[in-house]
Amino acid sequence: MALDELNHDSEKRIGISFTEHIAEIQHRLSPAARGELTSLLLHLMMAAKIISRETRKAALVDVLGLTGRTNVQGEKVQKLDEYADDIIIRHLRYTGHLCVMSSEEHEDTIQIPERYALGNYTLTFDPLDGSSNIDANVSIGTIFSIQRRISDGTTGTREDILQRGKNQVCAGYVIYGPGTIMVYTTGHGVHGFTLDPSVGEFLLSHPDIHIPEEGKIYSVNEGNYFNWEAPTRQLVDALKSSNNYRGKPYSGRYIGSLVADFHRNLLYGGIFLYPADSKHPSGKLRLLPEANPLALVVEHAGGLATTGSQRILDIEPRRLHHRVPLIIGSRKDVEFAESFYSKEAEA
Ligand code: FDP
């Protein structure tokens, strides 16, 4: 095909590199843009490639295991969590595209050192989600969320980070599994890229992902059943019986690694829940580094994300480590789930 025959869908050709894809999108949708977001994403992908390489050889070089410390959430920190956190910060702080960062591993925001230029974006990330699975060689992932700066001082602020999820300009995740896959959206479709280690590039493998309208899978930690509130128990009872809008039981699939559970349901259809329970009265998952980015991805893929009573992307974050109940997945399944919580509210 001659170069000038490329149509406006050229960024969706299977096998196109992420670098070319993002340049094509920028050229078509924002020809006047200075390429800041593009460059930011490319730096982030560089960090992801390094994390991918290290997760692969982790068992060989004795990186696995605990550091012996706990993080701000009171959880034991795995060595790879720290490594991934460090790699992302070091690869992004000097780019001149960020004004502030926030990581699930840090209690406060991460400032850009004075020696580097400040940019117009913020980055919130979970460096290695699902880390309790690392030693069992189960898929884990990095989740990211990018927003525009809203403050105008000499440093980025907490307020730049504490924005509603609907303000995200880009979000996505990278899964380190049998293959390394990156899925992202900037609001122009949801696209998945697979890392080709032989050339060191993410190549487009899943263009224009649409989550099926209804699924056959429910994903939840059912060990929490007796800690759940009545609507959650009734919902899960309905999903595994014929007492649901499909008239047949769903299959249960729960890896316990959010990115992996989410990615499977995005491709196959289904619903993932981490509801509130008596041990986690506000839910376990974090709004900013986990729920918001996945909510943006799922909505642009045609699905929904809610707490049961509120759209995730509308929630005003109250603090960096704000937690929320999360119900996310295929549109009809999430609407079915919401009906249980609205019945309870009416009662
Ligand atoms: P992890 O504790 O292993 O980091 O947000 C953290 C998370 O994993 C999610 O990836 C996962 O979906 C969830 O917690 C698992 O929690 P449970 O072990 O309570 O089911």
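**The ligand and what lies beyond**

Modeller: Among the 14 residues around the ligand, the ones that come nearest are Ser132, Asn221, Tyr254, Tyr274 and Glu290; a residue counts as near if one of its heavy atoms lies within 4 Å of the molecule. Keep in mind that this is a predicted model, where local features need pLDDT of at least 70, side-chain atom pairs count only at pLDDT 80 or more, and totals for chains, interfaces and linings use all residues. Residues are numbered from 1 along each chain as its sequence is written, and side-chain values use heavy atoms, with hydrogens and water left out.

By class, that shell holds four nonpolar, six polar and four charged residues. Here Ala, Val, Leu, Ile, Met, Phe, Trp, Tyr, Cys and Pro count as nonpolar, Asp, Glu, Lys and Arg as charged, and the others, Gly among them, as polar.

Now for the polar contacts, meaning pairs of N or O atoms within 3.5 Å (within protein, one must be able to donate a hydrogen and the other to accept it, and residues adjacent in sequence count only if both atoms are side-chain atoms). Tyrosine 274 has a polar side-chain atom 2.6 Å from an oxygen atom of the ligand. Taken on its own, the ligand has 460 Å² of accessible area, and the protein covers 84% of that (Shrake-Rupley method, 1.4 Å probe; for residues, only the protein chains shown count as cover).

Next, empty space. Rolling a probe the size of a water molecule over the atoms shows where empty space is left. On a 1 Å grid over the protein atoms alone, a cavity is a set of points where a 1.4 Å probe fits but cannot get out, while a pocket is an open set with protein on both sides within 12 Å along at least five of seven lines; lining residues have an atom within 4 Å of a point. Points are joined across faces, edges and corners, and a volume is the space filled by probe spheres set on them.

The second largest pocket holds about 400 Å³. It is lined by 18 residues, with Ser30, Ala33, Leu37, Tyr121 and Arg148 closest to its centre. α1 (18-29) and α2 (36-57) each give two or more residues to this lining (helices are DSSP runs of H or I with at least four residues, strands are runs of E with at least two, numbered from the N terminus). By class, this lining has eight nonpolar, seven polar and three charged residues.

The lining includes Leu44, Ile88, Phe144 and Tyr176, and by class it has nine nonpolar, one polar and no charged residues.

β6 and β7 belong to an open, mixed sheet of eight strands, ordered β4-β3-β5-β6-β7-β8-β9-β10; strands pair if DSSP finds at least two bridges between them. Its edge strands, β4 (110-111) and β10 (201-206), each pair on one side only. Two bridges join β3 (98-103) to β4, running antiparallel, and valine 100 stands opposite glutamine 111.
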